[in-house]
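Here are some friendly notes to read beside the structure.

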Amino acid sequence: MAATHLLRSSPFLQNPNPNTTHHTFKPRSTIKCTISSQPNTPISKHRRPADESIRQEAHRRHDTSKNTFSAKYVPFNSDPNSEESYSLDEVVYRSRSGGLLDVQHDIEALKAFDGAYWKSLFDSRIGKTTWPYGSGVWSKKEWVLPEIDSDDIVSAFEGNSNMFWAERFGKQFLGMNDLWVKHCGISHTGSFKDLGMTVLVSQVNRLRKMGKPVYGVGCASTGDTSAALSAYCASAGIPSIVFLPANKISMAQLVQPIANGAFVLSLDTDFDGCMQLVREVTAELPIYLANSLNSLRLEGQKTAAIEILQQFDWEVPDWVIVPGGNLGNIYAFYKGFHMCKELGLVDRIPRLVCAQAANANPLYLYYKSGWKDFSAVKAKTTFASAIQIGDPVSIDRAVYALKNCDGIVEEATEEELMDAMAQADSTGMFICPHTGVALTALHKLRNSGVISPTDRTVVVSTAHGLKFTQSKVDYHSKVIPDMACSLANPPVNVKADFGSVMDVLKSYLESKDSKK
Ligand SMILES: Cc1ncc(COP(=O)(O)O)c(C=O)c1O
Ligand SMILES: N[C@@H](CCOP(=O)(O)O)C(=O)O
């Protein structure tokens, strides 16, 4: 059914349910008119009365999407005849057989609207302050958590992250002119985890309001999940508990949950050890599990894929390269792209590349074995510390995603990822080492001719470079053992007198001139 006619009025008004109307809504002009006709009431400059918050405004407008669309947990990649399913209001992370779960949407209900309808609806909500659609995640609410009341949503208006045209990097290092970096790390807590955490914490907020025994929310983390969890919980007044591997995350990441008032456990183990512990603990205590084992998180993360399409005006890129650790995100991207195809917004999906650090590469090894033998590995120290994970919980999801999009897995050594990060930074970016892993994968696939110079390619940057300054300082100071740090750009110590400064500058300018 073509439903674009529903979009004629203000974008704030769009009603995804053809059978209901926004009976409580008054168009902007009506509100102004009503207010100005009352003698002592000042004319409102804004679309809502001064004493009304955006949350109350959303309430007044009454979100009808929750009457139309629905979603539930089902076993991941289950037999279509399986009847096993769970309400999203249950606390459940695993299927009866111990497998992963997935959030399944009522696709038939969503299909009552055509692709053009969804594109216009999502486009109309970008960058607004309307609760909750100002968020890049909640602007796709009908596809994320359709049944949650907007009142229960905990959001920092995350998402809508910029896509950077890597003009100079692409031309200079790869001979490409259609290379893009999706900066998911330019975000509230500095990583893509905000996209998933707004969904998970919102659902927890709802469960607590329903009186369910959820006293806090916990996660194991390499630094980004914990930062996002603690920020969103703090914003909603919900206790958060984070399990961190001692001395394995950056100082900037460690201070985030501390500052946000989380209960921080620093454990003498690695991420996989923390993950094992948090799973055991959340099975015993009324602490809700916030890692991506919990499929709710991926509903938020998948919106980054939808956003990429939206930013290309619904044209599909050829490649999307994503750094992988616990492997939830690669599946989330696949799911976002796949839903857009299934619901008629696009006619194909991009090929995905999952990039791993060679020091933590269980997926890469599995891929290289022709998907024959999966073994967890003991992850070694890597500058890409947020993906130092040897036993990824979402391995099955990642394999499913890659097989269904003709995907590829690549790896990056420490020197490769650090050089790639330095190269990118030298062209005006300030990326994290994980993005260096993804850029290394791109280099390799360009060199082997798999990715061609004209392929439209998106590299997903997963965290903000400012979280990883120590690795950049070490590189540019050339203090990393067994690494040439060939792109190091250390500061020059100069005596504070005119002659010394002039000498140094002359030889700098001469060196630049000779390179012309
Ligand atoms: C910065 C960063 N990049 C990439 C990843 C990998 O994401 P995933 O665990 O979903 O594979 C993570 C977390 O694992 C991360 O924190
Ligand atoms: N990089 C992650 C590792 C945990 O991943 P999750 O997506 O399963 O929470 C982190 O920052 O903790």
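Which helix gives the most to the shell around ligand 2?

1. Helix 9 (residues 224-236) does, with three residues. Helices here are DSSP runs of H or I with at least four residues, and strands are runs of E with at least two, numbered from the N terminus. Before going on, please note that this is a predicted model, in which local features need pLDDT of at least 70, side-chain atom pairs count only at pLDDT 80 or more, and totals for chains, interfaces and linings use all residues. Residues are numbered from 1 along each chain as its sequence is written, while chains are lettered from A and ligands numbered from 1 in the order in which they are written.

2. Around ligand 2 there are 13 residues, the closest being Ser221, Asp224, Thr225, Ser292 and Asn326. A residue is near the ligand if its C-beta atom, placed from the backbone, lies within 6 Å of it. The shell has ten polar, two nonpolar and one charged residues. In this scheme Ala, Val, Leu, Ile, Met, Phe, Trp, Tyr, Cys and Pro are nonpolar, Asp, Glu, Lys and Arg are charged, and the others, Gly among them, are polar.

3. The chain is divided into domain 1 (4-68 + 113-152), domain 2 (71-103), domain 3 (163-186 + 298-476) and domain 4 (193-297), with bounds from an automatic or database domain assignment. Ligand 2 lies between domain 3 and domain 4, because both give residues to its shell.

4. Now look at strand 11 (residues 351-357). Seven of its seven residues are buried, so the strand is largely enclosed by the rest of the structure. Buried means that 20 or more other C-beta atoms, placed from the backbone, lie within 10 Å of the residue's own. Arg351, Val353, Ala355 and Ala357 are buried on one side, and Leu352, Cys354 and Gln356 on the other.

5. Strand 11 runs parallel to strand 10 (residues 319-323), joined by five bridges; strands pair if DSSP finds at least two bridges between them. Proline 323 has alanine 355 as its bridge partner. Strand 11 also pairs in the parallel sense with strand 12 (residues 408-412), over five bridges. There, alanine 357 stands opposite alanine 412.

6. Finally, helix 16 (residues 395-404) has Arg397, Ala398, Val399, Ala401 and Leu402 as its buried residues. Aspartate 406, which follows helix 16, has a positive phi, near 55°.

How values were computed:
Buried ≥ 20, exposed ≤ 12 C-beta atoms within 10 Å, placed from the backbone.
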